[in-house]
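Please read it alongside the coordinates.

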Number of protein chains: 4
Amino acid sequence: MTEEVSTEIETLGPCKIPNPMPLSPSCFVEDNTRIILRLNVDYLKAQLTQEKPVISLEVAGPRPYIYFDPSKLKVGIVTCGGLCPGINDVIRSLVMTLYYSYGVDRILGFKYGLQGFIPRYGHEVIELSPEKVKDIHSMGGTFLGTSRGHQPIEEIVDTLERLNINLLFMIGGDGTFRAANKIKEEIDRRGVKIGIVCVPKTIDNDIWLVSKTFGFNTAVEMACYAIRCAHTEAIGVPYGIGLVKLMGRHSGFIAAAATLATREVNFCLIPEMDFDLEGPQGLLCKLEKRLLARKHAVIVVAEGAGQKYVQKDPPEYDASGNLKLGDIGKFLKEKIEEYFKQKGLPVVIRYIDPSYIIRSVPANAEDRIFCGFLAQYAVHAGMAGKTGLMISYLNDQFVHIPIKEAIKKRKQVNLYGRFWLSVLESTGQGTLKNS
Amino acid sequence: MTEEVSTEIETLGPCKIPNPMPLSPSCFVEDNTRIILRLNVDYLKAQLTQEKPVISLEVAGPRPYIYFDPSKLKVGIVTCGGLCPGINDVIRSLVMTLYYSYGVDRILGFKYGLQGFIPRYGHEVIELSPEKVKDIHSMGGTFLGTSRGHQPIEEIVDTLERLNINLLFMIGGDGTFRAANKIKEEIDRRGVKIGIVCVPKTIDNDIWLVSKTFGFNTAVEMACYAIRCAHTEAIGVPYGIGLVKLMGRHSGFIAAAATLATREVNFCLIPEMDFDLEGPQGLLCKLEKRLLARKHAVIVVAEGAGQKYVQKDPPEYDASGNLKLGDIGKFLKEKIEEYFKQKGLPVVIRYIDPSYIIRSVPANAEDRIFCGFLAQYAVHAGMAGKTGLMISYLNDQFVHIPIKEAIKKRKQVNLYGRFWLSVLESTGQGTLKNS
Amino acid sequence: MTEEVSTEIETLGPCKIPNPMPLSPSCFVEDNTRIILRLNVDYLKAQLTQEKPVISLEVAGPRPYIYFDPSKLKVGIVTCGGLCPGINDVIRSLVMTLYYSYGVDRILGFKYGLQGFIPRYGHEVIELSPEKVKDIHSMGGTFLGTSRGHQPIEEIVDTLERLNINLLFMIGGDGTFRAANKIKEEIDRRGVKIGIVCVPKTIDNDIWLVSKTFGFNTAVEMACYAIRCAHTEAIGVPYGIGLVKLMGRHSGFIAAAATLATREVNFCLIPEMDFDLEGPQGLLCKLEKRLLARKHAVIVVAEGAGQKYVQKDPPEYDASGNLKLGDIGKFLKEKIEEYFKQKGLPVVIRYIDPSYIIRSVPANAEDRIFCGFLAQYAVHAGMAGKTGLMISYLNDQFVHIPIKEAIKKRKQVNLYGRFWLSVLESTGQGTLKNS
Amino acid sequence: MTEEVSTEIETLGPCKIPNPMPLSPSCFVEDNTRIILRLNVDYLKAQLTQEKPVISLEVAGPRPYIYFDPSKLKVGIVTCGGLCPGINDVIRSLVMTLYYSYGVDRILGFKYGLQGFIPRYGHEVIELSPEKVKDIHSMGGTFLGTSRGHQPIEEIVDTLERLNINLLFMIGGDGTFRAANKIKEEIDRRGVKIGIVCVPKTIDNDIWLVSKTFGFNTAVEMACYAIRCAHTEAIGVPYGIGLVKLMGRHSGFIAAAATLATREVNFCLIPEMDFDLEGPQGLLCKLEKRLLARKHAVIVVAEGAGQKYVQKDPPEYDASGNLKLGDIGKFLKEKIEEYFKQKGLPVVIRYIDPSYIIRSVPANAEDRIFCGFLAQYAVHAGMAGKTGLMISYLNDQFVHIPIKEAIKKRKQVNLYGRFWLSVLESTGQGTLKNS
């Protein structure tokens, strides 16, 4: 983490209304409660003795005074981007905390992501209440629906203004954060008082300045089932190969974590690493050795791995402006088949692409608790008039992070850290590079 | 069921050795204990009063006297064809029953299906004992491995003779039954005394004269998870379509049963039914109506459905001689995309092909119990010198069926029976035919 | 099964209204379609040649003509007795079939069992519609609530008359059947036209003339988890004993089936068998031998087993008039502790009583399908004016059974049949009797 | 956390042997790499500007040089105390890391906890190898077995010396840590070079200076199933009460976390809080209000809660010297029954004690990964000659903590922290204290 992180949180104005939550004073968190980002002792001492700044983060939590008057506040909630376990838990907890902790009873849910703000789509706006959301966490997916793609920022803010919404909660990933940022800029331009608070959602767990995103844990659990099946298939036939494509466009956390959890993977390929197919250290040659030695193999590949082999020319982009990835799973399947056909080794490849089955299940217990806290902290931040921020979990604590910082980078697997080294020890795959 | 079923079971010779199981006499089953195949009262009375034959089946169970001397017997076990939940339970129960009920302690497992009999593959032969198999049921797949494809019948019988195997248990589907039949003919030709007893294995549940095959139950349970995910995906976006391809080459039992169990499927397509894509009653038009009315839809398609649209010309066959099916799932996905592109309706299709995840899980409790019984009855039949038969579950009882009968037909979903009508009521899909 | 089964089904009157279901004529079932109860060929021939009666059962299914006019019909649904996986599936399918297949749109749900009919309890009556029940199957238990205990029959029929209900579906076990019988008698006495159709519900699977009740399958699956935990606990400490008490007041089907499915039980005790604690063949002595040989043991006991040791004197009865069972689980735990304390063997007993966790889960896929059919057939029977019957699954078919027959006996595990013998082979427990 | 934490780690001597792991130099961790324990910025600045010490912790990881010669090293592994999901994952990962990362091939497993060191018990010592442990993580419990209770420290060290064991890994909780401390003192007294490295195991998650222990996550998941069943039972009958007793002798983390994850609990009672039964704010009165308002209630109670009502006089202790807790679950059940009997409200209580089912399941994916890292770091510490320490996870990092610090206190739920406040918000239970 570099030094240039700007961690100041913007606010809509001073907080003058006492927080209605019946808490003893010590339970409220003051704005100047901050924790450090980097924990290394030597670094800290050096910074402080040289009177250089130490990067610190605003701690999340209920403030003693709030900005919005709950009786007058109207709140919006929207979910954007791909599905992820736990979205409904976040929606539910937002509504419950707004209603029961602050007494806010005008809460609107926008359907199908940013489309929900745009009149021409004709999607209804849903009034949300505790009664309406109390059971939604038993289902996967999002109760509000979602969509991908840009929508005109001005129209979005028009809708917010027209509906008198002063606080908008956006559940989404980096694409959503970019939209949130633009919405905030438009709000600033118009000089209206609308807070924007984000809850980071990305099944890939690839958001900068967030140690863990909700749903990741559940996704890894489900990925493990798929890998276990691939392993069963592989050992069931002579020269069986189980090939599992997992999510991970730019970051291989799911593939790596599932590899560690199952201990049955022989090759784990992620976007952060470069690998060769051909040559003595390449995947094909090492796979051949493995098959000859043990008669079966399991390969896990993140969807964004090996794009040098499959990227489209010219590149294509989806509705949200994300680069369309080439299909590395199918490519590997064909390359492997071709290679062993030439070698005369009768391999049997079982290719499994469980993505939709992984991401659309309900959250497990830990993610459920985690979602509950993320939403509560988002409400506390929003009620205190904070804006342009996301709730993050870092160094074992919930903190506020400016959205415009979060979108500067992407979190990736550190190829020299213990996490990835542990994957390499588990697979025994080595470098997969010829030089 | 037609009248021409021949239900006599062949034997290797008379049973003269008392069954060593410590059972009271009433617990043994005599060969002449038979149950009727067709239960309809009027039919029965008509047959009997006209002195016409009533088709009856030999009831399975331990015989008071057995043919083989357990102390001299050497047994072989082989698993063939595709994976299916419960194979390991069958292997385990065969070994346990042979060992503990009859005292047979020479049991060989052949690796990788029929390949295991052919010297040139070099697969090892495994000695099976209670200690070796006691935990294998906690894993899916087959402990022995399997393979597809024909192998020279003479070499197989050579191996049986060379290893002094007098009783062979074959776990497999109709392809395996055909091989079993040929092996038996070769055995008869050579005049050797080798019994062949089959345990029917087909995840499609499509074997003639068997009401239920093991693993089917577990497969339906897993298929339901996939459908639930497809439903979650479909409702998560505007005009979302969840498309799930399930197993079912010629018979749509899994697709139909999973449709009934989830109650979330709008279109269920199986091999037994013909359907049109185009036209006012065709799939595409009805799908459009559904999407406009409800904004989402779930389609389940068995792999063998709609082959008129995708069959290869000329037809291709796999190693076992099975017709290679065209990919109806991919075809439907493309056709649907194309149709709605023309219509200007921005549908989002989530295509899920969970086959390997369905078939490679361990068996659930009911299949586990069922596998245990199938194997026990197979051993009882084999020890009594019966040959050329499979163990079947019919009319709530375990019975013996000659293999050569079982391969005459394939069991399919009756499009006019309550089971399929119930599917139609659940989906509301109607005929999907224009005329 | 003895000969005295009376299998004629009563009706409220002739069916004159064409069945509104859009089925081809061959899909309807005529009343004279019957199947035989006993399948044994020799028995059948003997009966028929001697012109003696052959017991046959009316096959369930939609009749070509119905008794009630759907547009005028008002239906009631009530669930009684203990929880069982699948009750909500039955409620859901009753409502869906009444509404979509027959066009009945006045359906009332009575809360909390028979209490729901009695004004002084003040329980509300719920209007049921497809919208209201569409998701209830994702939850265990009963959406309508249940209760135990007798209620005044006259008041129940008063309520039915007052609310103009002409068809009542009762989901319950033998206690409920007895109440149903009395309600029917009172209805007959008053000369009103109210049909009573039952769906048998008993987690113990102990209803006479029913081969399988819904929820049983799911219950066995859950019981297996508990047994597996008991096994893990037992092997985790020196001389560890896992003791699991399962449901089964008079019939040990769950205990026996779970023993077969897990293959890890050393002693399975059920109500149908007598066993000694003391003496060389008694449980304690055999348990000691097992512990000395293997250092751990797993015991499964049905709640109704060994009542000779724990029955209360004088006997006590619960609100429904069922005999209160003594706590055999606790008794065994204490006896075993005492015995090994005397013997100086430091055993560690882990006692698990998972009953509420077993019975309150949602149904698995197979039970879900099964519940769907039971309810559909119940509606078909009720619409055809049949009364005083239950829907049963026997010989692989759905049939009608008069309630007054079903309550004459209780189904129990046959100690000389293959099912129990297979349990004995799996546990190796022997007779557990000294003489 | 107070200031007096002593965080220096003892070592057996200088590390002179190059670490054999094929890592690039930057991947090794130096001993002087430390992170701070308390992250608050103001506190940190105050300490540093006043030149007061800042508490810091040694970061775990492979050292560039190690103390032991792998080719000569003999290692012991023992598991003590109660079962917990993930023990087998830790054993497996210890063996794999010792064998594959360091080349240690003499690894002994002691059976049944500390008993395994004492000759008179006669428990065998098991040689552990990758082959032997490769599949053990698919089972719950501990492959090595465990036991409670003190054993003579001198005999334990005698056994270590006699078997030439120079490095002992102990998996256990605070009782085990106390034993480990004494073993280390005896080792120091004898002047022998034997390292003691602990992996903290406590399902209650109550170890001081550890943010999370393995298995906790899985336990909460399982506890949620039990609570969901209690909820289903409670809503299934009029005035139904689901009462679930969960683990938590001194710390209520499982009860609190499961309450947050399910959102269906109305009263959560933990050891850290005091509560009244009687009086207007007491449990019984509040429960009555809840029942009258909603007709059902769910209560979760940690086993150590409310001991003022049930503690034995005089106190009793188990074999390990732990205070025997009174049975608060049974006590509450009886008190509630009594209270409502007096009030004339016919409540139905379903009491569920799922402890053994919670703790003996296999670990979920996250715990599995976590166990893998804990064991790897334990091996790295042990190979570097560090002793008297445990591996801890704190502030998102793995660190070394001296055992003698860890046993000074117990981690408990902070009744004024966000975690517990969130539980109170979820249950709405209030203080449950009259004054």
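In this predicted model, the buried residues of α5(A) pack against α4 (153–162), β9 (167–172), β10 (195–200), β15 (386–387), β16 (389–394) and α13 (403–406) of chain A.

**Helix α5 of chain A**

- Helix α5 of chain A covers residues 174–190, which makes 17 residues, and from its first C-alpha to its last it reaches 24 Å, close to the 24 Å expected at 1.5 Å a residue.
- The residues of α5(A) that are buried are A:D174, A:G175, A:T176, A:F177, A:A179, A:A180, A:I183, A:K184 and A:I187, and the elements they pack against include the strands β9 and β10 as well as the helix α4 of chain A.
- Directly after α5(A) comes A:G191, a residue with a positive phi, near 70 degrees.

**A:D204, a position annotated in a record**

- UniProt, in an unreviewed entry, lists A:D204 under "active site", and in the model A:D204 is found in the loop that joins β10 to α6 (216–235) of chain A.
- Is A:D204 buried or exposed? A:D204 counts as buried because it has 29 C-beta neighbours inside 10 Å, where 20 or more are required.
- When neighbours within four places in sequence are left aside, the residues in contact with A:D204 are A:M247, A:G248, A:R249, A:S251, A:F253 and A:I254.

**C:T146, a loop residue that touches two chains**

- C:T146 has its place in the loop between α3 (130–133) and α4 (153–162) of chain C, and with 28 C-beta neighbours inside 10 Å C:T146 also counts as buried.
- Not counting residues up to four places away in sequence, C:T146 touches C:T79, C:C80, C:G81, C:L83, C:Y112 and C:G113 within chain C, and D:G236 and D:V237 in chain D.
- The C-alpha atom of C:T146 is separated by 22 Å from that of C:G382, a residue 236 places apart from C:T146 along the chain.

**Contact between chains D and C**

- In the contact between chains D and C, 25 residues of chain D meet 25 residues of chain C, and the elements of chain D that give two or more residues to this side are α6, β14 (348–352) and α11 (355–359).
- The largest share of the side of chain D that touches chain C comes from α6(D), with 6 residues.
- Sorted by class, the side of chain D that touches chain C holds 13 nonpolar, 10 polar and 2 charged residues.

**Contact between chains D and A**

- Chain D and chain A each give 41 residues to their contact, and on the side of chain D the elements that give two or more residues are β3 (34–36), α1 (41–49), α2 (87–102), α6 (216–236), α7 (253–262), α12 (365–383) and α14 (418–427).

Terms used:
Residues are numbered from 1 along each chain as its sequence is written. Chains are lettered from A and ligands numbered from 1 in the order in which they are written. This is a predicted model: local features need pLDDT of at least 70, side-chain atom pairs count only at pLDDT 80 or more; totals for chains, interfaces and linings use all residues. Two residues are in contact if their C-beta atoms, placed from the backbone, lie within 7 Å. Helices (H or I, at least four residues) and strands (E, at least two) are DSSP runs, numbered from the N terminus. The expected span of a helix is 1.5 Å times one less than its number of residues. A residue is buried if 20 or more other C-beta atoms lie within 10 Å of its own, exposed if 12 or fewer, and partly exposed in between; C-beta atoms are placed from the backbone. UniProt positions are given in the numbering used here, feature names are shortened, and annotations may be inferred rather than shown by experiment. Ala, Val, Leu, Ile, Met, Phe, Trp, Tyr, Cys and Pro count as nonpolar, Asp, Glu, Lys and Arg as charged, and the others, Gly among them, as polar.
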